[in-house]
Amino acid sequence: MSVTDVVAIDGRDTEVESPDDEAEFDETSARERAATAARRRIARTVEIAEGGGWYGTWMLFRKELERFWNVAGQTIISPVVTTLLYFLVFGYSLKDRMREIQGVPYVEFLVPGLVMLALINNSFINSAFSFFITKIHGNIVDVLVTPLNPIQLTVGYTAASIIRGLIVGGCIWAVAAAMGAGTIHNPAIVLAFMLLTSFAFASLGLAIAIVAEDFDHINLLPNFLITPLTFLGGVFYSIEMLPGVWPTVSKFNPVLYMVNGIRYGMTGVSDVSIQMCFTVVVSLCLLFLVTSLWLLATGKNIRE
Amino acid sequence: MNPSFEGESLLSIRNLTKQYGDLKAVDDVTLDIEPGEIFALLGPNGAGKTTLISCVAGLITKFDGAVEVAGYDVRDNPEITRRLVGLVPQELKYDAFFSVKDSLRYQGGFFGVRPDEERIDELLRAFSLYDKRDQRTRWLSGGMQRRLMICKALMHDPVLLFLDEPTAGVDVELRDELWDYVRQMRDRGTTVVLTTHYLEEAEKLADRIGIIREGELLRVDDREELLTEYGIRRVTLQLNDPVPADLTSSLSAMEINQVGEAKIEMVYREDSLDPDAPTPVDELVAEIVERGLSIRWMEGGRSSLEEIFKKLVY
């Protein structure tokens with residue numbers, strides 16, 4: 001076992017000595033020769049470095065995709081199965097009592113809410129978990145020493161999380177459709193809400209992972225904020241069914257607008273205007289995006 | 001005509017200070033690293049070696065002073081300087097989800113390097129990791145993980161490579177492989193900065209040596225100059241007969257001691273010799289021959305960097 005040859009990315013690197021120059025090089029010391037080789041390589045690498053590019057971002061995205069895909073049992077199948085249990089329990093146990101909400105059969109009314117529930121959880125936990133685990137293991141260094149800037153890091157992490165959210169959400173819808181409950185009123189609106197919502201929560205997950213110092217911090221937000229807001233955001237019911245002031249209170253819950261946005265896209269009914277839904281989800285996207293960009297740019301908790 | 005970098009130094013550090021509360025981890029360090037050299041940063045644990053490297057590699061961005069790589073400021077143009085720099089961190093780190101080969105593929109990719117299976121295989125072979133290429137990195141032994149970390153840092157072919165305590169906890173085999181590889185990389189134009197507290201490493205590899213203690217760069221010298229200036233020659237002679245009582249006193253100009261019945265040890269500083277006068281060894285041997293004594297054996301050596309280091313640092 002021995003090191004036999006130095007590996008060069010580009011064969012030209014080794015062409016320091018040429019037969020014509022042999023006599024000249026005999027007179028110079030090894031150190032000067034190394035310096036000459038170094039100066040050429042520096043000049044060439046600076047050229048490459050100045051070129052920049054988005055290939056690194058693409059590879060970060062690919063790596064993040066592979067990370068959750070390698071453990072698809074936990075990251076895709078498990079959330080799909082869990083959500084379908086809600087579908088079976090709520091949809092089929094309540095369908096005789098509830099029958100219709102706003103003219104839509106209850107199981108069809110339920111599907112967009114469940115898609116959104118799974119999409120929010122999975123896009124959040126994907127970037128949060130992935131970034132946090134590299135931070136805890138210390139191999140965040142692998143990413144921090146690269147030329148990837150805050151925008152590129154955010155794009156890499158969130159894009160993969162969006163894909164996971166779309167896959168999980170899409171699977172839930174597909175299974176529901178196979179059971180006869182998958183309606184689509186306006187596919188463009190459905191896709192837009194799936195994309196925007198998963199982007200917002202992927203950015204939030206990234207921001208939380210940067211700030212978090214242990215696993216409890218990562219779980220705090222889903223357990224005490226995201227899940228309650230989602231359950232109270234009209235996943236299982238229309239807020240018109242609520243008594244007293246609760247319909248008004250519910251309108252302060254941002255998740256309501258995401259659930260109703262996708263519900264409008266799938267069934268054509270919504271508790272709130274679709275314009276309002278777009279306004280809220282786009283605002284959240286911007287808020288969480290700016291937060292995670294700011295955290296990455298200042299290096300808070302990851303660079304000293 | 002190949003373009004060539006014209007700057008004096010590849011890495012230029014000016015008045016770098018990094019403070020943690022009251023502690024100055026790096027204290028007003030100014031240092032230049034020339035293209036193509038192997039530079040050893042030598043210091044005890046906690047001297048500030050890793051902090052200094054982290055400021056260059058982008059792991060620490062809040063510091064006072066200026067750091068430039070190839071003329072680019074590391075904080076103003078990180079996307080350029082980080083492409084030029086490679087870092088092998090001190091602590092072992094692994095990516096739990098990926099195989100050896102995939103982690104190399106992605107690491108190169110982050111720097112914009114397109115996947116090149118041939119290059120990956122060559123690197124894996126060079127560091128004896130080829131047989132483990134499809135294994136998950138978490139199942140590698142410590143030594144194997146160290147090898148993988150080195151391969152990862154080399155994936156984008158950096159022009160300035162930092163090895164932070166590269167041989168801490170590795171076996172002799174990997175250490176020799178690594179030293180060999182470092183020399184070869186230097187020959188094809190990679191500038192190497194290594195931190196170490198193994199003095200043997202610095203002595204065998206480095207062209208220049210910087211000694212750092214409590215964040216302060218005490219001195220920077222050519223290895224040979226350091227060894228000559230601080231070095232002491234030691235010559236021991238074993239005679240066949242007891243040493244005559246007046247032998248050492250007759251050579252009182254030198255530091256010379258009888259260390260056994262028939263053994264003499266002589267110590268002198270090489271840099272204080274008068275080039276035109278006989279050396280202390282000349283004088284001693286002449287005296288012994290003149291008295292008709294016989295020498296059984298004679299051995300000599302120079303003080304190691306280790307001794308010099310202890311003198312400078314402690």
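So, domain 1 and domain 2 of chain B: their centres, taken over C-alpha atoms, sit 42 Å apart. Keep in mind that this is a predicted model. The bounds come from a domain assignment, which puts domain 1 of chain B at 11-228 and domain 2 of chain B at 232-313.

What does the contact between them take from each side? It's 11 residues from domain 1 of chain B and 10 residues from domain 2 of chain B.

Okay, chain A. The assignment there gives domain 1 at 11-50 and domain 2 at 54-298. For this pair in chain A, 54 Å separate the centres, again over C-alpha atoms.

Now some helix packing. Two packed helices are described by the angle between their axes and the distance between the axes. Let's stay in chain A and take helix 7, residues 150-178, with helix 8, residues 187-211: the axes come within 8 Å and cross at roughly 130 degrees. Helix 7 and helix 8 of chain A are therefore oblique to each other, and the crossing is right-handed.

Who's touching whom? On the helix 7 side of chain A you have A:Thr154, A:Tyr157, A:Thr158, A:Ser161, A:Ile162, A:Gly165, A:Leu166 and A:Gly169, and they meet A:Met194, A:Leu195, A:Ser198, A:Phe199, A:Ala202, A:Ser203, A:Gly205 and A:Leu206 of helix 8 of chain A. Sorted by class, the contact of these two helices of chain A has 8 nonpolar residues, 8 polar ones and no charged ones.

Back over to chain B for another pair. Helix 3, residues 100-110, and helix 5, residues 142-154, of chain B have axes that come within 8 Å and cross at roughly 30 degrees. Angles under 35 degrees count as roughly parallel, so that's what we call helix 3 and helix 5 of chain B. Helix 3 of chain B also passes helix 5 of chain B in a right-handed crossing.

And the residues in that contact? Helix 3 of chain B brings B:Val100, B:Ser103, B:Leu104 and B:Gln107, while helix 5 of chain B brings B:Leu148, B:Cys151 and B:Lys152. In class terms, this contact of helix 3 with helix 5 of chain B has 4 nonpolar, 2 polar and 1 charged residues.

Key: Residues numbered from 1 in each chain as written. Chains lettered and ligands numbered in written order. Predicted model: local features only at pLDDT ≥ 70, side-chain atom pairs only at ≥ 80, totals over all residues. Axes fitted to C-alpha atoms, helices over the stretch in contact; angles between N-to-C directions. Helix = DSSP H or I, 4+ residues; strand = E, 2+ residues; numbered from the N terminus. Parallel < 35°, antiparallel > 145°, perpendicular 65-115°, else oblique. Left-handed = near helix turned anticlockwise from the far one by under 90°. Contact = placed C-beta atoms within 7 Å. Nonpolar A, V, L, I, M, F, W, Y, C, P; charged D, E, K, R; others polar. Domains from an automatic or database assignment.
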